[in-house]
Amino acid sequence: MSETMRPAMQSLGMEDWEAWVAQEKEPSYRASQLFSWVHEKQVTDYAEMTNISMGLKMALARDFEPEPLWLVKQQTSKLDGTNKFLFELADGALIESVFMPYQHGNSVCISTQVGCSMGCRFCASTIGGKERNLSRGEMLAQVYQIQKIMGERVSHVVMMGMGEPMDNIIECTAFIYMITDPKGQGLSMRHITLSTCGITPGIRRLAREELPITLALSLHAPTQEKREQIMPIARRFPLDEVMAACDEYFEKTGRRVTYEYALIEGFNDTDQDVTDLVRLLSGKNAHVNLIPVNPVDKKTEDVGDDLAIRRPEHQYVVNFQNKLEKNGINVTIRREMGADIDGACGQLRHRRAGAEY
């Protein structure tokens with residue numbers, strides 16, 4: 001992010017507003033007024049802040065960005081009402097967010113970075129690497145703006161879009177505290193899911209803070225050897241260390257860990273993989289979420305090393321589920337949302353950037 005960019009108003013929590021109004025020599029109660037306008041009413045037009053003086057509005061315009069992102073493109077699924085958004089940030093970077101309506105409420109999947117440096121071989125977000133981290137305000141703004149666009153309240157947030165949240169742990173943790181602040185959006189922490197490919201220091205940090213969110217581990221293979229083939233980060237954080245950190249998270253929070261498992265035809269969907277996965281998870285309060293892999297594009301579908309990223313037939317996915325359930329593993333198949341739009345993470349951004357599909 002450019003050093004000349006003004007911080008987003010959405011990045012300021014109550015303590016930040018208190019410090020700012022003191023700097024401006026304003027009464028202390030202005031802090032709660034500003035916090036309410038930004039995080040409860042989610043206003044981005046200073047003119048709507050009716051109980052704020054003109055002088056203070058001018059100071060706000062001088063110091064802060066009122067809206068840190070703008071809508072570039074919106075895709076709406078005719079199948080299930082899923083909406084995918086391409087947003088442009090103040091520095092011209094592009095990110096994606098997804099709105100998903102469910103019976104239990106509306107979920108938004110947000111990005112936590114511009115791009116991603118993890119290099120997972122089945123994910124479009126990692127093409128081109130990571131440009132930068134998102135601020136807490138840029139994450140909050142995704143939720144706030146989607147609510148405005150859709151005219152509906154968001155009740156669940158999934159930190160599973162572009163980027164690795166644990167690689168931006170300070171801002172992501174701040175986002176969690178701010179989105180759950182009862183004086184702002186007021187989400188329940190139990191309605192927040194954070195997905196990581198297995199950065200153990202971040203998992204242990206969340207465990208120490210005892211945040212009762214849902215931790216989702218991008219497992220995708222049941223052995224260290226296979227994880228290394230599709231997830232370069234596995235070489236840095238071995239599977240046994242990752243699993244130990246997840247156990248620590250469960251012990252500290254009492255929250256069951258979800259293990260995301262992207263099924264790749266002929267690679268991690270065999271009977272031996274079932275055996276290895278059962279061995280890995282037996283005795284744990286765990287939930288496996290099976291995800292039929294979505295090939296990134298025609299240029300990366302065959303990634304070499306005799307490994308092609310291909311989607312298994314639905315019946316093979318069901319068979320894999322049944323075999324796990326017979327061995328006492330709690331498992332579901334992820335419901336596909338937005339199948340008729342650029343549903344996979346990173347695809348809409350790279351279409352916009354001119355990638356050939």
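Let me start with a term: a nonpolar core is a set of buried Ala, Val, Leu, Ile, Met, Phe, Trp, Tyr and Cys residues joined through side-chain atoms within 4.5 Å. Buried, in turn, means under 20% relative accessible area, with exposed over 50% and partly exposed in between, using a 1.4 Å probe and protein chains only. With that in hand, the largest nonpolar core here has 78 residues, and those with the most contacts inside it are Met-159, Phe-175, Ile-176, Tyr-259, Leu-281 and Leu-324. Apart from it lies another core, of 18 residues, including Trp-17, Trp-20, Trp-37 and Ala-59. In soluble globular proteins, nonpolar side chains tend to be buried together.

Now, some housekeeping. What you see is a predicted model, where local features need pLDDT of at least 70, side-chain atom pairs count only at pLDDT 80 or more, and totals for chains, interfaces and linings use all residues. Residues are numbered from 1 along each chain as its sequence is written, and side-chain values use heavy atoms, with hydrogens and water left out.

How confident is the predictor? pLDDT is its confidence in each residue, from 0 to 100. The mean pLDDT of the protein is 91, and 90% of its residues reach 70 or more. Watch out for residues 298–304, though: pLDDT is below 50 there, and beyond near neighbours in sequence this stretch has eleven contacts in the model. Contact, by the way, means heavy atoms within 4.5 Å.

On to the overall picture. The protein has eleven helices and twelve strands; these are DSSP runs numbered from the N terminus, with helices being H or I over at least four residues and strands being E over at least two. Of the 357 residues, 56% are buried. Take the contacts between residues at least 6 apart in sequence, and 67% of them join residues at least 24 apart.

Let's look at the sheet. It is open, has ten strands with mixed pairing, and goes in the order β1-β2-β3-β4-β7-β8-β9-β10-β11-β12. Two strands pair if DSSP finds at least two bridges between them. At the edges, pairing on one side only, are β1 (69–76) and β12 (330–333). Ignoring direction, neighbouring strands are turned by 20 degrees against each other on average. For angles like that, axes are lines fitted to C-alpha atoms, for helices over the stretch in contact, and the angles run from 0 to 180 degrees between N-to-C directions.

Next, please find β7. Parallel to it runs β4, joined by three bridges, and Ser-107 stands opposite His-156 in β7. β7 also pairs with β8 in the parallel sense, over three bridges, and there Met-159 has Leu-194 in β8 as its bridge partner. Which residues cover the two faces of β7? His-156 and Val-158 are buried on one side, and Val-157 and Met-159 are buried on the other. In a regular strand the side chains alternate between the two faces of the sheet.

Between β7 and β8 comes a helix: β7, α5 and β8 make a right-handed β-α-β unit. Right-handed here means that, with the strands pointing away from the viewer, the path from the first strand over the helix to the second runs clockwise. Helix α5 (residues 169–179) lies across both strands, at about 180 degrees to β7. Nine of its eleven residues are buried, and the buried ones pack against α2, α4, β7, β8 and α6. One to click on is Ile-176: leaving aside neighbours within four places in sequence, Ile-176 is in contact with Met-159, Met-189, Ile-192, Leu-194, Leu-211 and Ile-213.

Finally, a few loop residues. Gln-42, in the loop between α2 and α3, has phi near 55 degrees, a positive value in a residue other than glycine. His-220, in the loop between β9 and α7, also has a positive phi, near 65 degrees. Are they buried or exposed? Gln-42 counts as buried because its relative accessibility is 9%, and His-220 counts as buried because its value is 5%. Ala-234 sits in the loop between α7 and α8, and counts as buried because its relative accessibility is 0%.

Definitions and conventions. pLDDT is the predictor's confidence in each residue, from 0 to 100.
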